[in-house]
Amino acid sequence: MYLGITPSVTRNESSRNEFSLILDKNPLVEFVEELPAGRSSLCYCNLLCGVIRGALEMIHLTADVTFLQDRLKGDKVTEIGITFLKKLEEKKYRRKK
């Protein structure tokens with residue numbers, strides 16, 4: 001939403017805790033012309049995975065967020081895989097009177 005794109009969501013029917021976000025257009029790709037020689041393993045768009053993971057942790061969900069496909073590496077789309085690991089227990093704080 002903040003990047004001005006709407007991903008499509010795909011889900012594996014056999015797993016209830018995994019899904020993928022498919023980005024037809026990745027706005028972060030516009031800032032990278034070509035990966036440096038010898039650095040083809042770099043993932044410039046990994047920032048998106050960190051943002052998604054952090055947002056999920058804010059609502060007490062632990063998740064593994066990884067790139068499955070990347071347009072910078074020659075794939076047709078950018079695909080981010082999300083696997084929910086566990087729901088964090090919310091600690092209840094009581095005010096001392």
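Predicted model: local features only at pLDDT ≥ 70, side-chain atom pairs only at ≥ 80, totals over all residues.
Starting at the N terminus, the elements come in the order β-β-α-β-β.

- The four strands make an open sheet, lined up in the order 1-2-4-3, and the pairing is antiparallel.
- Strand 1 (8–11) and strand 3 are the edge strands; each has a single partner strand, so one side of each has no neighbour in the sheet.
- If you ignore direction, neighbouring strands in this sheet are turned against each other by 25 degrees on average.
- Here's some background for looking at any of these strands: in a regular strand, side chains alternate between the two faces of the sheet.

**Going through the strand pairs**

- Strands 1 and 2 pair in the antiparallel sense over four bridges, and the hairpin that joins them runs through six residues.
- Two bridges to look for here are Val9 with Leu21 of strand 2, and Thr10 with Ser20 of strand 2.
- Strand 2 also pairs with strand 4, again in the antiparallel sense, over six bridges.
- To spot that pairing, look for Phe19, which stands opposite Ile82 in strand 4.

- Helix 1 covers residues 46–58, which makes 13 residues; at 1.5 Å a residue it should span 18 Å, and its end C-alpha atoms are 19 Å apart, so the two values agree.
- Which residues of helix 1 are buried? They are Leu48, Cys49 and Leu56.
- Those three cover an arc of only 100 degrees around the axis, which means they lie on the same side of helix 1.
- The general idea behind this is that an α-helix has 3.6 residues a turn, so residues three or four places apart point the same way.
- What do the buried residues of helix 1 pack against? Their neighbours are strand 2 (18–23), strand 3 (61–69) and strand 4 (78–87).

- His60 follows helix 1 and belongs to the loop between helix 1 and strand 3.
- Its phi angle is near 65 degrees, which is a positive value in a residue other than glycine.
- Is His60 buried, exposed or partly exposed? With 29% relative accessibility, His60 counts as partly exposed; the buried label needs a value under 20%, and exposed needs one over 50%.

**Ser20, a buried residue in strand 2**

- Ser20 is part of strand 2, and its relative accessibility is 9%, so it counts as buried.
- Its side chain makes a polar contact with the side chain of Glu79, at 3.0 Å.
- Leaving aside residues up to four places away in sequence, Ser20 touches Ser8, Val9, Thr10, Leu68, Glu79, Ile80 and Gly81.
- One name in that list, Thr10, is also the bridge partner of Ser20.

**Asp64, over in strand 3**

- Asp64 is in strand 3, and at 39% relative accessibility it counts as partly exposed.
- Apart from residues up to four places away in sequence, Asp64 touches Gly81, Ile82, Thr83 and Leu85.
- Asp64 and Glu18 are 46 residues apart along the chain, yet their C-alpha atoms are separated by 9.5 Å.

**Contacts across the chain**

- Take the contacts between residues at least 6 apart in sequence: 45% of them join residues at least 24 apart.

Terms used
Residues numbered from 1 in each chain as written. Heavy atoms only, no water. Expected span 1.5 Å × (residues − 1). Buried < 20%, exposed > 50% of the residue type's maximum accessible area, 1.4 Å probe, protein only. Arc of directions from axis to C-beta. Contact = heavy atoms within 4.5 Å. Polar contact = N/O pair within 3.5 Å; in protein donor to acceptor, adjacent residues only side chain to side chain. Pairing = 2+ DSSP bridges. Axes fitted to C-alpha atoms, helices over the stretch in contact; angles between N-to-C directions.
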